[in-house]
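Hi,

Here is the structure you asked to look at. Please open it alongside this note. My findings on its pockets, cavities and helix packing follow.

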Amino acid sequence: MISLIASPLVSIDPVALTSLKPRKSAAALVIVDGDCYPRNKQFFPTQNASQKSIMPTFNTQQLEEITRRILEGAGASAEEAQTVAVELAGANLVGHDSHGIMRLKQYVDYIEQKHIRPGAPVKLDVDTPTLAVLDGGGNFGQVVATKALQIATTRAREAGSCTVLCRECNHIGRLGSYTYQAALQGFFTVMAVNAPGPGGVVPWGGLDRKLGTNPISMAAPWNDEAIVLDMTTSATAEGKVRVALQKGESIPDGWVIDNAGNPTNNPADLYGDPDKGIAPGAILPLGGPLGFKGYGMSVMLDIVCGILSGAGIARTDVPPGTNGVWMYLIDVEKLMSADQYATVMGQYVDYIKSSRKIPGVDEILMPGEIELRRQAERRRDGITIPDMTWKQTLDQATRVGATLDGI
């Protein structure tokens with residue numbers, strides 16, 4: 001039995017959700033990481049007259065424990081599983097569900113297929129006071145990125161700044177988590193990743209997938225918190241399309257094109273239909289009619305994250321999910337006192353927020369401020385997990401022989 005922190009507090013049988021099945025439709029199915037979804041957007045779990053959508057709600061510690069048990073069951077060490085669990089649950093906590101526990105099935109699949117290699121040593125291939133290159137050996141991206149952050153903060157504290165590059169690591173999760181952690185320690189931080197293998201994003205004016213979503217995050221200390229920019233150089237992250245597919249929702253204009261280059265609001269068009277010979281579509285560069293700007297940023301991040309790190313670009317010999325990583329830290333107090341920085345930052349934030357607002361806008365928020373508010377809300381109210389994500393989670397627990405009793 002799993003205790004949920006819904007209001008009022010309830011307990012449910014985890015097996016109950018395994019009976020939820022997609023509504024049958026004449027529409028073709030799309031397969032993503034082994035799961036089937038209808039190509040149309042009318043997709044919701046069927047319910048009998050006495051059965052309601054459960055949408056379980058958890059706190060962060062419960063999500064961490066669920067993740068830890070499943071990953072340990074899949075072969076990760078306790079330390080590795082805990083590192084990944086903190087990152088996935090943390091993504092759910094701030095509202096980035098596309099990088100939360102919905103990734104568990106992907107990671108278990110990758111472990112089984114040896115795309116992720118738990119226990120692989122993280123090696124320091126380049127070692128200077130202000131520059132390091134890590135080889136992750138195919139381990140979890142979160143494990144490699146956490147090690148990179150530890151090295152970067154230690155060396156930047158000593159030298160004033162530090163650059164760390166990583167190669168041979170899998171999906172590192174939400175970039176904003178790492179830059180936020182560094183900013184809380186007094187560092188201005190830049191971090192980006194590329195996809196060394198086949199990507200899902202077209203170049204500006206192109207029809208073929210040539211780039212990854214190539215996200216970048218920047219963070220700066222702000223009082224006891226941080227200002228955090230966390231964005232893809234594509235119109236959206238692939239995970240957000242997958243979330244829409246799971247929820248049976250359409251996607252906004254300007255995110256995706258089908259294989260013929262037509263704009264689409266159907267998330268299934270990104271994945272195609274191999275059984276019917278329908279090739280996958282692609283994600284567009286960030287910027288809409290100015291998409292050449294997102295495209296240009298993506299190319300530059302491929303150069304630093306892929307070429308300079310040694311992770312590579314346009315490779316066909318790397319496992320899916322592989323990331324090349326760039327991390328750069330500056331110790332703010334090497335440039336000015338903490339008090340001086342706080343004063344200037346306070347003045348700057350007040351200046352930005354003093355702008356007149358367009359109709360319908362109540363407040364101007366700084367980058368990352370909405371995540372701080374979602375974090376407070378979800379700590380108070382709990383983190384609700386969609387039925388399909390929860391069913392997948394239960395399936396993974398059964399698959400690896402992990403018990404979720406007592407959580």
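The largest pocket holds about 1200 Å³ of space. Keep in mind that this is a predicted model. The lining of the largest pocket is made of 50 residues. Those nearest the pocket centre are Arg103, His171, Thr213, Glu238 and Gly239.

Which elements supply at least two residues each of that lining? Three are strands: β3 (29-32), β9 (187-194) and β11 (225-231). Two are helices: α3 (104-112) and α6 (238-247). Of the contributors, α6 gives the most, with four residues. By class, the lining of the largest pocket has 22 nonpolar residues, 20 polar ones and eight charged ones.

Next, the second largest pocket. Its space comes to about 520 Å³. The lining of the second largest pocket has 25 residues. Val94, Arg174, Ser177, Tyr180 and Gln375 lie nearest the centre. At least two lining residues come from each of α1 (60-74), α2 (78-93), α5 (175-184), β11 and α9 (369-381). So far as class goes, 11 of the lining residues are nonpolar, eight are polar and six are charged.

Which domains does the lining of the second largest pocket draw on, with at least three residues from each? They are domain 1 (55-115 + 367-406) and domain 2 (120-232 + 287-333).

Now the cavities. How many are there of 30 Å³ or more? The count is three. The largest cavity has a volume of about 80 Å³. Its lining consists of Asn92, Asp97, Met102, Val243, Gln246, Lys247, Ile385, Pro386 and Thr389. Here α6 again gives the most, with three residues. By class, the cavity lining has four nonpolar, three polar and two charged residues. Domain 1 (55-115 + 367-406) and domain 3 (236-283) each provide at least three residues of the lining of this cavity.

Last, the helix packing. Two packed helices are described by the angle between their axes and the distance between the axes. I have two pairs for you, and α1 is in both.

Take α1 and α2. Their axes come within 8 Å and cross at roughly 140°. Angles over 145 degrees would count as roughly antiparallel, so α1 is oblique to α2. The crossing of α1 and α2 is right-handed.

Then α1 and α3. Their axes come within 10 Å and cross at roughly 15°. Angles under 35 degrees count as roughly parallel, so α1 is roughly parallel to α3. The crossing of α1 and α3 is right-handed.

If you want a place to start, bring up Arg103, His171, Thr213, Glu238 and Gly239, the lining residues nearest the centre of the largest pocket.

Best wishes

Terms used. Residues numbered from 1 in each chain as written. Predicted model: local features only at pLDDT ≥ 70, side-chain atom pairs only at ≥ 80, totals over all residues. Heavy atoms only, no water. 1 Å grid on protein atoms, 1.4 Å probe; cavity = no way out; pocket = protein on both sides within 12 Å on 5 of 7 lines; lining within 4 Å. Points joined across faces, edges and corners; volume = space filled by probe spheres on them. Nonpolar A, V, L, I, M, F, W, Y, C, P; charged D, E, K, R; others polar. Domains from an automatic or database assignment. Axes fitted to C-alpha atoms, helices over the stretch in contact; angles between N-to-C directions. Parallel < 35°, antiparallel > 145°, perpendicular 65-115°, else oblique. Left-handed = near helix turned anticlockwise from the far one by under 90°.
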